[in-house]
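Me: I have a structure open and want to go through it in pieces. Can you take my questions as they come?

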Amino acid sequence: MSEYKRIYLEDYKPFEYDITNVDLWIDFFDDKTIVRSKLVVKSKEKGSFLPLVLKGEELDTLSILIDSRPALKKEFELKDGDLLIYPSKNDFSVETVCEIHPEKNTSLEGIYKSDGFFCSQCEAEGFRKITWHPDRPDVLSEFTCTVSGDFIKYPVLLSNGNPVNKGIFADGRHFVKWHDPFLKPSYLFAVVAGDLYCVEDNYKTMSGKNVVLRLFTEPENKKKCFHAINSLKKAMKWDEDVFSREYDLDIYMIVAVRAFNMGAMENKGLNIFNSNYVLADEKTGTDDDFFNIESVVAHEYFHNWTGNRITLANWFQLSLKEGLTVFRDQLFSSEQGYGPVSRIKDVRALKSRQFSEDAGPFSHPVRPESYIEMNNFYTATVYEKGAEIIRMIYNWLGRDEFLKGMNLYFDKNDLKAVTCETFIDAMSKSSGQDLFKFMRWYEQSGTPCLKFDLEFNDVENNLKITAYQETNETAGQKEKLPLPVPVRTAFFDENGNQIQFKVKGDDDSKKETVFLLLDSKNEFVVTGINKKPVASVLRGFSAPVRFDCGYSLEDDIFLMSHDTDYFNRWDASQRVIFGTIEKIYNLMEKNHDPFLDEKFYEGFSFIINDSFCDKSVIGEILTLPSDSDICQELFNSKIKVNPTTLKKSSFFVTRKLAEKFESNFLSLVKENISKEYVFSKNEMSKRKLKNSALMFLSKLDYSDFIYDLYKKADNMTDLTICLKALVSYENEKSNLALNDFYEKWKNDAVVMDKWFAVQAQSSGSNTFENVLALLDHPLFSIKNPNRVRSLIGVYANNFEAFHRKDGKGYEFLSDHILKLSKINPQIGARLVSYLSNYKNFDSETSLMMKESLLRIYNTKNLSKDVFEMVSRALA
């Protein structure tokens with residue numbers, strides 16, 4: 001394993017050659033695929049005959065031609081897995097013919113077969129499994145691709161760009177030739193061949209051009225495509241209205257694929273989607289499914305400009321396309337009527353995934369400094385934290401200045417491969433402000449911790465704010481520098497009224513301001529305040545930081561009840577919950593009787609009975625943090641966590657709330673039952689509130705009531721929440737519901753993922769045994785990433801079931817990581833994170849988790865994906 005090469009940012013050099021044109025012919029057969037490739041090569045430096053280095057993996061090379069003649073032995077060399085071409089002139093062509101075997105490809109990189117049809121995934125380095133090529137993001141070429149196959153078996157033949165020719169051969173095979181006029185790197189190449197149904201629509205762009213929209217899927221799923229098509233049209237219109245970006249090809253295609261390692265892929269003009277993020281209708285899709293489909297469809301479409309037209313100089317710049325595009329899709333979602341709930345969802349995910357990543361052995365800068373396997377850096381840090389950097393700049397500049405900077409970025413860098421500095425430079429030049437101080441966010445890992453001291457002067461009627469920032473040491477980075485942190489702030493009087501104030505040095509009176517922290521210690525003075533207020537800081541989560549404002553339980557309950565920023569209401573409720581559970585945890589660890597403060601109940605009573613607050617926000621507040629998130633908060637308090645005590649303390653708080661507000665929760669459920677399913681903001685809010693209340697009732701003796709709701713449910717949101725609530729009872733009603741759900745939906749792969757997941761996340765005592773049994777279920781396959789995620793991944797995230805006292809949960813996970821290392825290394829590597837924080841648990845738990853990691857690490861022939869993640873976890 002020591003032979004795995006580490007790639008460093010500091011070693012990056014631009015490629016010595018331009019590959020101006022790539023001409024492909026991909027010929028599909030059942031037992032093999034033949035790929036013919038012609039590269040038109042031009043040296044960037046005349047007279048310099050450096051070797052042309054082409055990458056290839058798992059290729060059976062049948063022939064090599066240079067300038068259309070067989071290559072001489074002295075003109076090429078196969079060395080260390082690379083094909084080296086030794087040119088004798090500056091401009092030349094290289095043609096290769098390779099045989100590959102997609103039907104045997106379980107890694108799902110390059111070309112592979114999924115449910116009877118061929119498809120591809122080339123990001124990050126999958127193109128080298130198709131043919132010889134530099135396979136770098138900074139090598140941009142004009143592509144043509146002719147796809148051929150049996151007309152009966154593969155009537156649909158797709159690739160990037162626009163179709164320019166097609167025909168039928170005498171032997172029953174046919175071909176379609178595609179041409180993409182826009183320069184692109186190899187990772188954006190895509191090809192599909194299969195017997196697929198097409199749902200077609202049209203969109204007229206702002207310049208009047210008609211674009212054909214096509215979504216391809218299996219015939220049985222044709223009715224599930226319309227939400228995705230409508231989401232695409234909304235995204236296209238929004239990108240025109242907000243960012244002035246128009247689609248550039250004549251056709252935009254999406255293909256739904258069951259076996260896919262990621263969520264979706266933005267291949268130019270031919271997006272390939274995990275079917276879970278594109279297929280849904282009123283019967284099979286939940287509210288979250290509809291929300292996620294709209295978001296992911298928009299994300300991949302927005303990549304057409306932020307990722308495709310402007311791409312990356314190297315893979316270290318990944319957040320330049322992903323962070324920027326995540327911000328764009330988040331902004332889009334927030335402007336589709338979801339309001340504060342959209343932001344709450346974003347930050348809940350950020351804190352759960354990225355904050356924990358930054359606090360553990362997988363911490364890395366948004367722009368990593370090195371990697372062994374690039375697939376391991378498609379992380380929450382690159383995506384979500386990267387998006388927060390863009391958001392900070394957006395909020396600091398304001399919408400108009402930000403959009404002005406974006407237009408400059410688009411105009412100056414179209415069809416180029418650029419860096420994060422390129423984006424910051426465009427924003428700085430456009431706004432006239434030096435924004436390069438934000439580059440430190442790309443370079444420094446870790447989550448900054450802010451501390452606010454508020455000192456009120458009742459003589460001068462002003463408030464002095466001293467803000468400190470500190471970032472703890474992280475893996476590979478000991479020394480930390482202060483970062484620019486915009487802190488959006490407002491103040492409230494004791495009656496819950498937002499206060500008008502001034503900031504010293506600024507004559508304008510305001511109800512909200514943004515303080516920009518630049519140093520380790522920062523001081524601000526607020527005037528025009530008659531009494532010490534309650535500060536509402538980080539409103540809308542204006543920066544990806546942790547903070548301590550010295551809030552008491554009373555302060556947090558006050559903000560939870562009165563803050564005019566709904567996000568901050570939710571955030572205050574999280575502090576109330578986390579603080580209370582930590583108190584209960586400490587009492588239980590000392591064998592003291594646990595109890596809840598009456599003020600805690602008062603805070604939740606106010607929220608439950610608040611008729612003016614958005615129902616979806618109340619629903620989010622009543623969706624308590626997972627045990628995994630609570631565990632991370634205890635880690636932050638330097639507690640070596642005993643999983644058993646954590647489970648008991650979490651259940652104690654949830655159960656007490658259920659008992660205290662039983663009648664309220666029952667009323668919320670009954671009052672918010674919809675007469676019929678409608679996917680709208682109002683109806684989603686009602687279902688969110690109803691189902692959050694229902695989960696509290698599931699902690700009491702309500703299995704008959706919940707089963708009755710299950711039988712009456714007319715939509716997948718209510719069906720799955722009832723099923724989730726029932727399974728933990730492990731009684732007759734839960735078995736009846738599980739069997740009924742299975743019989744109704746066993747032929748729908750997307751819905752059956754939910755059936756597996758519900759059982760894997762159960763808090764029942766037999767969950768582990770049930771998961772083991774499900775591994776042998778005929779609908780489970782370890783070769784399908786969605787099935788692995790829905791069963792093995794969900795189980796590993798089930799804190800109560802995974803952290804067994806006997807350590808069998810850890811053994812189970814390590815067994816499957818090792819299996820996946822041979823079958824699908826990407827998916828196996830992503831599961832390592834569930835064992836990575838072993839050092840933060842009590843000694844007995846820590847030892848068992850570490851032993852499982854060591855078992856993986858010491859296995860021979862480990863994939864480099866898994867090796868890199870395990871070695872980082874153990875470092």
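Me: Which residues of H1 are buried?
Reply: This is a predicted model. In H1 the buried residues are His227, Ala228, Ile229, Ser231, Leu232, Ala235, Met236, Trp238, Asp239, Glu240, Val242 and Phe243.

Me: How far apart are the end C-alpha atoms of H1, against the span it should have?
Reply: They are 25 Å apart. H1 covers residues 226–243, and its 18 residues should span 26 Å at 1.5 Å a residue, so the two values agree.

Me: What comes just after H1?
Reply: Ser244, with a positive phi of about 60 degrees.

Me: Phe665 next. Buried or exposed?
Reply: Phe665 sits in helix H15 (residues 662–671). Its relative accessibility is 1%, so Phe665 counts as buried. Beyond four places in sequence, Phe665 touches Ile608, Leu622, Leu657, Ala658, Ala693, Phe696 and Leu697.

Me: Salt bridges now. How many does the structure hold?
Reply: There are 70. One of them joins Lys129 to Glu58, with the closest N and O atoms 3.7 Å apart. Lys129 is in the loop between strand S11 (117–121) and S12, while Glu58 is in the loop between strand S4 (52–55) and strand S5 (60–66), 71 residues apart.

Me: Is each of those two buried or exposed?
Reply: Lys129 counts as buried because its relative accessibility is 11%. Glu58, at 62%, counts as exposed.

Me: What about Asp358, which residue does it form a salt bridge with?
Reply: With Lys385, at 3.0 Å between the closest N and O atoms. Asp358 is in helix H4 (residues 340–358) and Lys385 in helix H5 (residues 380–397), so the pair ties together parts 27 residues apart in sequence. Both Asp358 and Lys385 are buried.

Me: Last topic, the open sheet. What is the strand order?
Reply: S6-S5-S9-S3-S2-S12-S15-S14, eight strands with mixed pairing. The edge strands are S6 (69–70) and S14 (162–168), each pairing on one side only.

Me: In which sense do S2 and S12 pair?
Reply: Parallel, over seven bridges. Trp25 has Thr146 in S12 as its bridge partner.

Notes. Residues numbered from 1 in each chain as written. Predicted model: local features only at pLDDT ≥ 70, side-chain atom pairs only at ≥ 80, totals over all residues. Heavy atoms only, no water. Helix = DSSP H or I, 4+ residues; strand = E, 2+ residues; numbered from the N terminus. Buried < 20%, exposed > 50% of the residue type's maximum accessible area, 1.4 Å probe, protein only. Contact = heavy atoms within 4.5 Å. Expected span 1.5 Å × (residues − 1). Pairing = 2+ DSSP bridges. Salt bridge = Lys/Arg side-chain N within 4 Å of Asp/Glu carboxyl O.
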